[in-house]
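Please open the model in your viewer and keep the selection tool at hand.

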Amino acid sequence: GGSDDESNLCLACIDCNLHKGPNLTGIDPRTDAITPLYHPRQQRWDDHFQWEGIHIMGRSDVGRTTIRVLRMNSDEQLELRMTGE
């Protein structure tokens, strides 16, 4: 529903974009609470995520939930990270 102005767009791989869909929230896998997803224009990546090898780990409820909803550590994503593509 927003404009296609560059300031309203965010780059995302097709897999993450398809998994996100219209979702603004998800379920935190640690607490089972409804939690907002990471907002890249309003939040800092380092506050919510960290790298552990090729895995992206959640530092916060927002991070954990976003990883789960977007399936950021799916087998396919991990394989792509291992091959560097």
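What follows is a series of selections, each with a description of what is there.

This is a predicted model, in which local features need pLDDT of at least 70 and side-chain atom pairs count only at pLDDT 80 or more, whereas totals for chains, interfaces and linings use all residues. Residues are numbered from 1 along each chain as its sequence is written, and side-chain values use heavy atoms, with hydrogens and water left out.

**The whole chain**

Begin with the protein chain as a cartoon, where you will find four helices and four strands, these being DSSP runs numbered from the N terminus (helices are H or I with at least four residues, strands are E with at least two). Read from the N terminus, the order of elements is α-β-β-α-β-β-α-α. The C-alpha atoms occupy a box of roughly 35 × 35 × 20 Å along the principal axes. Of the 85 residues, 25% are buried, a term that stands for under 20% relative accessible area with a 1.4 Å probe, counting protein chains only.

Next, select residues 49-52 and 55-58, which are strands β3 and β4, paired in the antiparallel sense over four bridges; strands count as paired if DSSP finds at least two bridges between them. Within this pairing, Trp-51 has Ile-56 of β4 as its bridge partner. Two residues lie between the strands of the hairpin, and Gly-53 takes a positive phi near 65°.

**The aromatic rings**

Now show the side chains of Tyr-38, Trp-45, Phe-49 and Trp-51, which ring pairs link into a cluster. Rings of Phe, Tyr and Trp (its six-membered ring) pair if their centres lie within 6.5 Å, and planes under 30 degrees apart count as stacked, over 60 as edge-to-face and the rest as tilted. By this rule there are three aromatic pairs. One of them joins Tyr-38 and Phe-49 edge-to-face, with 5.1 Å centre to centre and 85° between the planes. Tyr-38 lies in the loop between β2 (34-36) and α2 (45-48) while Phe-49 is in strand β3, so the pair ties together parts that are 11 residues apart in sequence. Both Tyr-38 and Phe-49 are buried.

**Thr-35**

Finally, select Thr-35 in strand β2. Is Thr-35 buried or exposed? Thr-35 is buried, with a relative accessible area of 2%. Leaving aside residues up to four places away in sequence, Thr-35 touches Leu-24, Thr-25, Gly-26, Asp-28, Asp-61, Val-62 and Thr-65, where contact means heavy atoms within 4.5 Å. A polar atom of the Thr-35 side chain also lies 3.0 Å from the backbone oxygen of Ala-33.

Methods:
Buried < 20%, exposed > 50% of the residue type's maximum accessible area, 1.4 Å probe, protein only. Polar contact = N/O pair within 3.5 Å; in protein donor to acceptor, adjacent residues only side chain to side chain.
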